[in-house]
Structures are given as structure tokens and as C-alpha cells.
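Have a look at the fold, then go through the points below.

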Amino acid sequence: MFTKAFLTAGLAAAAQAVTFTVKSTDGNATSPYAYGLMFEDINNSGDGGVYAELIQNRAFQGDGIYNKSITYWHSVGGTALSLANLSTPLSAELTSSLQVSGGSGKKVGVYNDGFWGFPAVAAWEYQGSFYVEGSLTGNVTVQLAGNYSKTLYAEASVAVASKAGAWTQYKYSFKPTHDAPNANNTLSFTWDASAAKGAVNFNLLSLFPPTYKNRPNGNRMDLMEAMADLKPSFFRAPGGNNIEGSKAPYWWNWTQTLGPLEHRAGFPGTWGYENTDGLGLLEYAIWADDIGMELLLGIWDGLYLDGTTLTLAELQPYIQSALDEIEFLTGDASTTWGAYRESLGHGPFPLNFVEIGNEDSLSDKNRTYPAYRFKAFYDAISAKYPDLTLISSYYDVDETTGQPPYNASGDFHEYATPVQMSQQFGYFDNYTSEHPLLIGEWAVIDYNIPGFNGPVWYAGAPRAYFPFWYGSVAEAVFLLGAERNSDKIIGAAYAPGFMNLNKW
């Protein structure tokens, strides 16, 4: 008892001895963009993650990096499934389809695995659609059911009267009768075998749960609400490595991510899978706007991840593309791209920051970024949009001064161990406020490693699966150091923002 009382009294005395005086003047200017979010489609954080589409491989997309396939689709009732390339495809962009033929009985067709299954929630009304080509007259039954239990959660019947040589879209909706205990469910499309005369083709088969703010082609409610609760100020998108593309000719061409889904060919993402491009430039801007963020736009700058770079002459159409991209987001209805955005139902979006490229210090073997690529984009964009803050993709482009060139800001990325990050409290103390930095990506990614002051970098290197206590403390030390230099820091974004428990 005496010890407890003594400690209590001692702690009270110690607390009373500390006095803080906070001045109302002087100090550093504080950025209004202190903390934001960074996103790229890594680890199925887009398709299969925040993007609410539930059907995996809905449009049989592919390219020279990822082959088109009918993966995640399976036969029902003895049907034969194949990938078809018809003379009359759904669109010039979606040229392959799922061909279903044969089978016998009252229930033939296909089912889909989804992204690690399908959630069945009684409170949700789901909206779906599909395109059909071929002679099929009758009812197509859409069922959400347990993969092993075969428990039926929801069902819709769609009257179909499709013809050979023409594509017809059909829509459906349903509401589960009760919740499923887990997502181990599948979605099937079946019909009476006698209803089909020959092979039937399907494309762009879709199913959405309710989305955040009821946006068509929108995002998951739970993840968007979680992000909104963080009250982020900026949104760095669409990446990240995904801007660059793995190799020529694949770069994130924003123009191919606009408009109806049947006209989005998809993109070979840089993280091991095809992107549907359901999350396009407009969806990113709406995402930012919906939760009160400003888009911090990343643009492609002539570098592929394999190190291939474009010459100055080859850059010119891509510089124009960047100017058009900014016009699409900010231009009024009198401009070409602003008018197109208006036709899609949206007014101008706020835009104050544009980042030229991504991590050009890593793949630019011939150092073409400081030699001419950055300047080419900088000069063209700043001439047309002088009020934009342009950000170089790494902060020590001009090595003689250790700061970004011209009047640009820089992007600093830090992936570290706790011991490394905890030593960086004063990291920005001697940096200049004339070229404020974006901490575009930061995280403690591994436990302390004896003999190393930072992470080891090689294929399969060990990484912490979850954030951990002393790693978070180290991150806090690092960020406090950034905050005390807030006149030099635009803001900071943790990366990656989502963890996929089904992968890594």
C-alpha cells in the first residue's frame, strides 16, 4: 500500500512539474495537406478490393503480357466452355467472349468463383447485367449460392431472347433472403438446355453490391467509409508503378479508362494481373471528391518499369496527353476534354498538384529524367497551367543541390525498419522550404534485422505481414519529425493503403 501511494504521489508531482507554453505567433507554416492517401491497384486492392465489382474475369480481357482466358468460370450441366473470338465481338475493345455449348437437362450454364467468393448480405440489393450473343430463348436463372453447402441465398430470373450475330444486354437484381456465414459462395447463370440453339456467347457479366453514395460502377461502402473516417486531404493516384507499365507499349493510358465499360480494354497491371480499368481516371476523381480529398494526379512520363525510356522527340504526344488529362479534370465545357467530362455527367474537379512520373530514380538507367524528360513535361505543363504545383518523382533529381529542379516540389518515399525510421526524426531539419516535399509513400515494412539498418531488398525478402507495435512507434517518430518541418512537407501518405488477407 505504501509503495502504491508513494508512486501515485510521485507521478502526480512529476506531472505538475511540466509546463508548456505555446506561442500564438512565429513557427512554421503548416500545410493543409498534412495526411492523405496513395492508391494503385496492387494485390487486388482495386479489382477484387475497393472496386465493388464481384465477378472475376468478367470480360475476358488480356494482352501481350497476360493471356486472355476463361479462368474463374466453370461448367454447369455438362456444358463445354471455351474462349471465343467472334467476327462480331461485343466491342472493338472487348473482343473475346465466353462460349457455352452443349449440356443436357433443365439446368445448364456456367458459374463464377468471384474474388475469393461472393458475400451474401440480406440487407443488400445487388445489381447485375450481362451480354449475350447466340440463339437463346427462355429464362436465364442467376443464383447466389453456397459453394459447398449449396444453400440458395438469392435468385433472379431473366427473360432472354437473343440472336446469333448480335449482342444484347440484360439486367437483373436480387436481394438475399438471409446472410451467408462467409463468402464461400458462387454465382451461376443457367438455363434449360432446349432454350439454346447452338453455342451461346457471354461477355461483361457483372454483379455489384450497394456502392458508396450509390455510385454506378462504384466502390465498396465499408472501405470507403473507413477511408472517409481518416479525413484524408489528398489522394495520390493512379500510382505508383501502375502508371509506368511493365514494358512498351503498355502505359496507363487514361483515355482508355473513360466511358462505358464495354469500351475499356483493360490494362496489364504491374503487380501480376490484368486490370479491368473499371477504376478509371473519372472514377479516381469521383473517389477523391466523395470523401473530401483533392486528387494529386500522377502522369506517365516516358519510362517503363523495364527501364525503357522515350527520346525527347518521342515524348511529344505523351506531353500533349498529359495536358489533355489535366484539361479533362479541370477544363470547362468550352474545352474539348472538359466538354467530354461534362458529357459524362461531371463538372470540373479541383487539382493543385501533378506528379511527373513515379520513382524515376529506380528504373531510369540512363538518367534521362534529369537530362530531358522532367524538363520537357515541366515546361509544357507550367506554361499552360502556371498555378499547378509540379512534383518530381524523386527529390534529389539535381544532385548538386540535393533538391528538385526549377520551381518543382519532390516526392520522397521511405520503406524502412523500425530502427531506421526511428532515427529519422530530424531527417528534414536542414531541408529547404523552397521546394516542399511530398512523402508520397512511407511505411515500416519489416522487423529490425540484426546487422542491417534497413530492409533487405531481393525477391522473396522477408516482410512483416501485419503492422506491429514498435514499428508503429517508429513511424510516429518519423512523422513527428515531418510535422515539425511542416513548412517543408506538402503531406504524407502511407502505402500501400489496403492489405489483402487472401494474398499478402
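1. Start with burial: 51% of the 504 residues in the protein chain count as buried. Keep in mind that this is a predicted model.

2. For overall dimensions, picture a box of roughly 85 × 75 × 45 Å along the principal axes, filled by the C-alpha atoms of the protein chain. Inside it you'll find 10 helices and 19 strands.

3. Now the charges. The protein chain carries 50 negative side chains and 28 positive ones. The centres of these two sets lie 7 Å apart.

4. The part to look for is a barrel: 8 strands close up in the order β1-β11-β14-β15-β16-β17-β18-β19, with parallel pairing. Direction ignored, neighbouring strands of this sheet are turned by 30° against each other on average.

5. Where do β1 and β19 meet? Strand β1 (residues 35-38) pairs with strand β19 (residues 489-494) in the parallel sense, over 3 bridges. To find the spot, go to Y35, which stands opposite A492 in β19.

6. Finally, a helix on the sheet: α8 (residues 368-384) packs there and touches β14 (294-299), β15 (351-356) and β16 (389-392). The direction of α8 makes about 165° with that of β16.

Conventions: Residues are numbered from 1 along each chain as its sequence is written. This is a predicted model: local features need pLDDT of at least 70, side-chain atom pairs count only at pLDDT 80 or more; totals for chains, interfaces and linings use all residues. Side-chain values use heavy atoms; hydrogens and water are left out. Helices (H or I, at least four residues) and strands (E, at least two) are DSSP runs, numbered from the N terminus. Buried means under 20% relative accessible area, exposed over 50%, partly exposed in between (1.4 Å probe, protein chains only). Lys and Arg count as positive and Asp and Glu as negative; His and the chain ends are not counted. The place of a charge is taken as NZ of Lys, CZ of Arg, CG of Asp or CD of Glu. Two strands pair if DSSP finds at least two bridges between them. Axes are lines fitted to C-alpha atoms, for helices over the stretch in contact, and angles run from 0 to 180 degrees between N-to-C directions. Contact means heavy atoms within 4.5 Å.
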